[in-house]
Amino acid sequence: MAVSRGAFSSRIGFIMAAAGSAVGLGNIWGFPTQTASNGGAAFVLVYLILAFCLAYPAFMAEILIGRYGQANAVTSLQKMSRTLWQKRFGFVVGFGGIICAALILSFYGILAGWMMSFAVEPLALMLGANQAADWVVNQSLERNLLFTVLFMFLTIFIIRKGVENGIEKWSKRLMPMMIGLLVLLIIYVFTLDGASEGVEAYLNPDISRVLDPNLLVSALGQAFFSLSLGTSVMVIYGSYISKKENMVSIGAQVTLIDVSIAFLAGLLIIPAMYVAQAQGVAIFAADGSLNSGPTLVFDVLPSLFDGMGGIGLFIGFAFFLLMTIAALTSSISMLEGPVSYAVERHDIERKKATTMIGLAILALSVVIVANIDFMLDLVATISTQYGQPIIAMLCCVFAGWIWYRNELLAEIKQGNEAVESSLFWKIWPWYIKFVCPVAIATVFIHSIL
Ligand code: TRP
């Protein structure tokens with residue numbers, strides 16, 4: 001292959017990049033919304049269990065496949081295949097993941113565009129441009145187009161620069177900034193009336209709801225989306241990690257960061273809902289269900305910020321800036337999946353591949369924007385409710401059944417000589433073979449019935 005491959009220059013670079021991919025709108029918007037609509041703390045509890053017991057092992061399978069293959073998802077999966085059929089199967093799984101990443105990006109870019117537009121609103125208000133401020137927060141075709149295009153250009157800009165100077169550098173800058181903003185906002189919300197009631201609802205589970213099948217399905221879907229599984233993204237990120245690194249601990253750290261940030265986001269949003277309620281905003285309908293559902297962050301939070309007077313403008317800006325940053329470190333990972341494939345398999349130069357694929361995905365976003373009422377949901381459902389679980393499950397099948405066991409063990413051992421005495425070594429290989437595929441399939445089948 002003519003192109004030399006990119007790589008992360010340091011462990012922290014990889015952790016920031018992978019955590020950057022994992023932490024996104026799914027954590028700061030999806031998780032709190034799901035928590036609020038699924039009975040608060042019970043959902044949090046189930047989510048934590050599923051994230052560590054199912055999503056983490058599946059995540060390990062993907063990054064190990066990538067590091068073993070040292071290549072894009074298709075090439076990596078084919079490297080561990082012996083027969084022609086296995087190679088074909090590897091192509092289907094790897095390429096399916098790449099398509100899935102592209103589909104996710106096509107709708108994710110639109111949602112991220114909304115976050116940008118809500119960050120622009122307070123700026124416009126500060127400048128006295130009230131009409132513009134109104135325009136950016138009201139749904140319109142033009143507004144959606146403008147901000148989707150802006151956001152996708154940012155994504156393309158970073159990915160054109162490659163792994164070390166693009167993904168790694170920007171993740172290392174943006175992630176700490178985002179975490180800092182999040183913590184400041186939480187501290188602020190905690191000082192307001194009504195926050196303690198929210199903390200109570202967030203942390204005190206109603207155990208009777210824990211086994212509710214719908215809650216289980218939502219929590220698992222959320223965990224898989226959050227760790228960017230089943231989309232080739234973690235395979236390619238894994239392929240950029242040095243063989244000297246201890247994957248077991250790196251993987252655990254990324255999972256821990258991802259879960260903690262979702263947890264923190266809940267600690268911001270759920271109390272913020274109760275603060276808004278204390279200020280007279282109607283949050284729950286008479287039957288206890290959420291009034292705004294998916295638009296929670298666009299309804300509840302802006303009215304909360306409005307109620308704060310002048311400082312509300314700054315806080316609103318900070319919050320939506322945080323959302324935009326989180327979305328950006330995720331969207332770059334989605335674009336990297338298809339780009340790495342085009343670069344490595346078709347020998348296309350990186351910048352050119354990035355621009356072409358980025359624009360093609362943007363074109364799909366534009367089609368979605370133009371038919372937003374039915375297409376947004378459709379594309380999101382196909383890619384996240386069907387594509388991701390199926391492909392993530394097949395990656396586990398690959399790691400458990402097709403990958404030669406001694407090679408798999410050797411890969412785990414690279415950079416981690418002491419692993420043989422660990423629990424991971426004893427449990428994970430059979431866990432990924434039996435438990436993960438069966439559990440994912442069970443939940444998946446339930447979710448479509
Ligand atoms: N995990 C991100 C979030 O929680 C979204 C994301 C980034 C993603 N890359 C992905 C989802 C790849 C699926 C596939 O918002």
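## The largest pocket

The largest pocket holds about 1300 Å³ of space. On a 1 Å grid over the protein atoms alone, a pocket is an open set of points with protein on both sides within 12 Å along at least five of seven lines, and lining residues have an atom within 4 Å of a point. The volume is the space filled by probe spheres set on the points, which are joined across faces, edges and corners.

This is a predicted model, in which local features need pLDDT of at least 70 and side-chain atom pairs count only at pLDDT 80 or more, while totals for chains, interfaces and linings use all residues. Residues are numbered from 1 along each chain as its sequence is written, and side-chain values use heavy atoms, without hydrogens and water.

## Its lining

Among the 41 lining residues, Q34, P294, D377, A380 and T384 lie nearest the centre of the pocket. α16 gives the most, with nine residues.

## The ligand site

The ligand takes up the space of the largest cavity, a cavity being a set of grid points where a 1.4 Å probe fits but cannot get out. Around the ligand are 17 residues, with A22, G26, Y108, F225 and S226 coming nearest; a residue counts as near if one of its heavy atoms lies within 4 Å.

## Polar atoms at the ligand

Oxygen atoms of the ligand lie 3.1 Å from a polar backbone atom of L25 and 2.8 Å from one of G26. A ligand nitrogen is 2.9 Å from a backbone N or O atom of F225. A polar contact is a pair of N or O atoms within 3.5 Å.

Definitions and conventions. Polar contact = N/O pair within 3.5 Å; in protein donor to acceptor, adjacent residues only side chain to side chain. Sits in = over half its atoms within 2 Å of the grid points. Helix = DSSP H or I, 4+ residues; strand = E, 2+ residues; numbered from the N terminus.
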